[in-house]
Structures are given as C-alpha cells and as structure tokens.
Amino acid sequence: MREWTPDSWHRRPAQQQPTYTDQVRLKEVLVRLAELPPLVTSWEVDRLKTQLAEAAVGQRFLLQGGCCAESFSQCRSDIITNKLKILLQMSLVLTFGLKRQIIRVGRFAGQYAKPRSADTETRDGVTLPTYRGELVNGLDFAPEVRRPDPERLLRGYEYSALTLNFIRSLVEGGFADLHHPEYWDLNFVAHSPRAKEYQAMVETISDSLRFMETLAGIQAEQISRVDFYTSHEGLHLAYEQANTRRVPHREGFFNLSTHMPWIGMRTADPGGAHVEYFRGISNPIGVKVGPGMTGEWLQDLLEILDPEKEPGRMTLIHRLGHDKVGEYLPNLIETVKESGHRVVWCCDPMHGNTETTASGLKTRRFENILSELEQSFDIHHAIGSYLGGVHFELSGDNVTECIGGARGLSEVDLERAYESHVDPRLNYEQSLEMALQVARKIATMNGRVV
Ligand code: PEP
Ligand code: CO
C-alpha cells in the first residue's frame, strides 16, 4: 500500500478548493488550528463506527440530518435546540416504526464548506468568487466579503466548538420532556389525509413511553440519555488536514473535527485529493453516490477507502432522484454485494430532487423526497439488501423552503420564510411527517399496522 500522510493529498488534483491571496496568514492559521484541542474524541469516533457496523447488518438505523450549510449567524441557542429537538423526535418515531435503535448524526458543528458548480459568479457585469460556505467566505455579493479569508477557518472551528458544547450540555440533561409527544407541535397532523393514522402512531409512542417510565420503572432521564454524533462534508482539505491527529496508545490518524466526515459527489474521484486524504483517516466515512457513479467507479472507491473491509467504515449515501433511483440503485447494490464490502446504505432523498421555481428559488417536493425514500426501501428489500439509514437536509424551525407536506406548502409560500443559503430544507413539520411516513412504510413492509 502506498504511503499515506495527512498531507499526501497535496500530490493529487484537488477540486473545490478556495484560492487564498494571503498565503502567509493561511499557513499561520493552519498551524494554530493544528494546536487547538480536538472537538471530538477517538473513542466517540470508534463507538460510532461500531454502531454503524450494526446498521450495516440491519440491527440499527442511521438518521443523519441538518442544514445544507450552517452559517455563523445561525449559531444560536434556539436554532440549535430546535434542530436537536426535531432529530430526537424523528428518531423516536423511527425507533417505534423500525423497532431498531437509531444512530443520530447531525449535519452540524462544522458543516461550513460547500462545493459549487462554478468558481465565480457574475452579476451586472461584476465577477466575484462564488460563495463556498462560511468557512471560506461570506454570502453578500461584495469583493471584500467574497474574497476567501483564512481567519474564517478559525471562526469555523470556534463556532463548531460552541455548537458542540451546547449540544453536549443539552444531551447531558434538561432535554427529557422533548421525548414526550405531549410537548410536540403536532398541529399540522390535522391537515393531513392521514391524520387518524398519524394520531394513532403518536399515541402508541406516548403509551410506550409511559409504559417504560411507570410500569417498567425506567426513568425519563435514562431514556433521554441520547447520543448525538456530528458529521460534515470533508471538503476543505487544508482544514481537515489541520484537524487530523494521532492519539495516545492507538495506531493511525483520526480527523477529530467531526465523528463522520463524508466525501461529496463532486470530489469523489478515485484519483483525486479528497479520496487520498480520506483513505488514511480512521473515522467512519460517508461517500455520496449520484447517478453518474458507475459500478467500477464505486468498486475503485471501496478498494481504496476500505481495503480491510472493516465493519462500520463505509456509509454509501445514495442520492439518485425519485425518477432515477429505480434505474441506478439495483446495479449499485449488486456491485457492492459482489465486492464483499459490508457498507451502510443510506438514502439521501434530497439532492437528486432539487428543482428551481420560475422565480429562481431552489426547492424540493415533499412527495418526490418521500417517493425516492419509499422506492429505496423497496429496492433494497427486493434484492435482499438493507437500507440502513436516511439523510435529510432539515431545519427544526418552520422555514418554507420545500413544497408539499400536510400543510400543502406551495411555490408562493416559499418567499415567506426561505432562509437557507444553499439547498432547501424540510421544515419542522415536514421532517416529523417524513419520519411518520417512513415508520409507516417499514411497518407496512413488515406486515404490521401502525
Ligand atoms: C450536500 O450534501 O449538501 C451536497 C452538496 O451533496 P452532494 O455532494 O450529494 O451533491
Ligand atoms: Co445540500
């Protein structure tokens, strides 16, 4: 095996990297980043890998979700709390629907770098660098804001730490009542044709919780001890390298800025710098799989990234689109089966279903998202594979970015509360409804009525 070092990616072509004018400051910042204490620990990373190994064989289920891109200004207690709350509530719904333990992984505490389709953006004859996420530059269309700024690498690290610190405190306590559907915001349910079914599911969850707490004597506090892991796209390689550490008494290197970094669609070239970087870290890693990925390509990636066929190492996040999943997914599953790699298959029903409205807003339809998910469950099941997770872009607030759901949000509603800087997210209600739909789908597949 070729030698790997945290900087060996420099010898490969690196896509999607910003160009900094101040190289001296960039170097100083990277040195400082490498000295700062890590955000996560190697034993947390290992625990997640063990749990993912169980998800790969159908014993657990991965729920991964959060913003397309976090922003520094949204690092606020209410926004973070609401995001944890929706992920927790979704995970509870899924636990009851799937009868499996759920692994909760947020797209948070570091989801600050974005791949873009072009390096520059032109408005009214003025050309500036594109917005690449808060880790790199700002959104406003002004030269000083769009210029990649090395200081932002430190800011991104600090905001990640602030976010994670608050998440850890919430998880430690004070979060228990969020388990109880009595406290959930379920007004939307009445607007759905499935209102009765949803109501019945929520009641079952409430009853089961009451049972555990009162009859089985398990305290709410114990139930509420939940783990949240973090993930982000490992895009900005200099930043990821600075966060790559050795730990005492262990072999190898860990990326300790997050538990589970993933490789995005645009940077998954087997000969590219991102794959080179990722192959050397010990974290569990994700790879996005889009319709352009051939069987051979996927096989190459698996050989490079998971030569030992290590359980829990690989999560393949397929994002094919509701109109393409039927055509592409079966072959991809067969390819992986033949390769002998044990991966977690995770469906991202968001990124293959993006469309642009007449007024130029990016949106996604609830029905298309749900359709890709449902088809994915069916396809895996039919081939004797297991869909081990779902990946959503979501907000815990009532933003209006995606169309549809029980309230029937339409194009005109999008203007009202469209806050995402990049891709459209499911809002609180749409996310909870999606979880109810998934739970219902699984229960039906297993011949149960919910
Ligand atoms: C994303 O997850 O926000 C993203 C850019 O996805 P993909 O790489 O699948 O396009
Ligand atoms: Co996105």
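Biologist: Which residues of helix α10 (residues 295–305) are buried, and how do they lie around the helix axis?

Modeller: Happy to start there, and do keep in mind that this is a predicted model. The buried residues of α10 are Leu 298, Leu 301, Leu 302 and Leu 305. Seen down the axis of α10, these buried residues fall within an arc of 95 degrees, so they line one face of the helix.

Biologist: Which residues are exposed on the other side of α10?

Modeller: The buried residues of α10 have partners to pack against: β8 (260–263), α9 (273–279), β9 (285–289), β10 (314–318) and α11 (325–339). On the other side of α10, the exposed residues are Glu 296 and Glu 303.

Biologist: Let's move to the ligand. How much of the area of ligand 1 does the protein bury?

Modeller: Oxygen atoms of ligand 1 meet a side-chain N or O atom of Lys 114 at 2.8 Å and one of His 351 at 2.9 Å. A backbone N or O atom of Met 265 is also 2.9 Å from an oxygen atom of the ligand. Taken alone, ligand 1 exposes 300 Å², and the share that the protein buries is 96%.

Biologist: How many charged residues are in the shell around ligand 1?

Modeller: The residues around ligand 1 include Arg 107, Lys 114, Arg 266, Lys 288, Arg 319 and Glu 393. Others among them are Cys 68, Pro 115, Trp 262 and Gly 264. By class, the shell has 4 nonpolar and 2 polar residues, and the number of charged ones is 6.

Biologist: Is Val 93 buried or exposed?

Modeller: Val 93 sits in helix α3 (residues 77–98). Leaving out residues up to four places away in sequence, Val 93 touches Trp 184, Ile 205, Leu 432, Ala 435, Leu 436 and Ala 439. Its relative accessible area is 1%, and the cut-off is under 20%, so Val 93 counts as buried.

Biologist: Now for two loop residues. What is the phi of Asp 124, and where does Asp 124 lie?

Modeller: You will find Asp 124 in the loop between β3 (120–123) and β4 (126–129). Asp 124 is exposed, at 83% relative accessibility. Although Asp 124 is not a glycine, its phi is positive, at about 45 degrees.

Biologist: And what is the relative accessible area of His 249?

Modeller: His 249 belongs to the loop between β6 (244–245) and β7 (254–255). This residue is not a glycine, yet His 249 has a positive phi of about 60 degrees. His 249 is exposed, with a relative accessible area of 84%.

Methods
Residues numbered from 1 in each chain as written. Chains lettered and ligands numbered in written order. Predicted model: local features only at pLDDT ≥ 70, side-chain atom pairs only at ≥ 80, totals over all residues. Heavy atoms only, no water. Buried < 20%, exposed > 50% of the residue type's maximum accessible area, 1.4 Å probe, protein only. Helix = DSSP H or I, 4+ residues; strand = E, 2+ residues; numbered from the N terminus. Arc of directions from axis to C-beta. Contact = heavy atoms within 4.5 Å. Near = heavy atom within 4 Å. Polar contact = N/O pair within 3.5 Å; in protein donor to acceptor, adjacent residues only side chain to side chain. Areas by Shrake-Rupley, 256 points an atom, 1.4 Å probe, with all protein chains shown as cover. Nonpolar A, V, L, I, M, F, W, Y, C, P; charged D, E, K, R; others polar.
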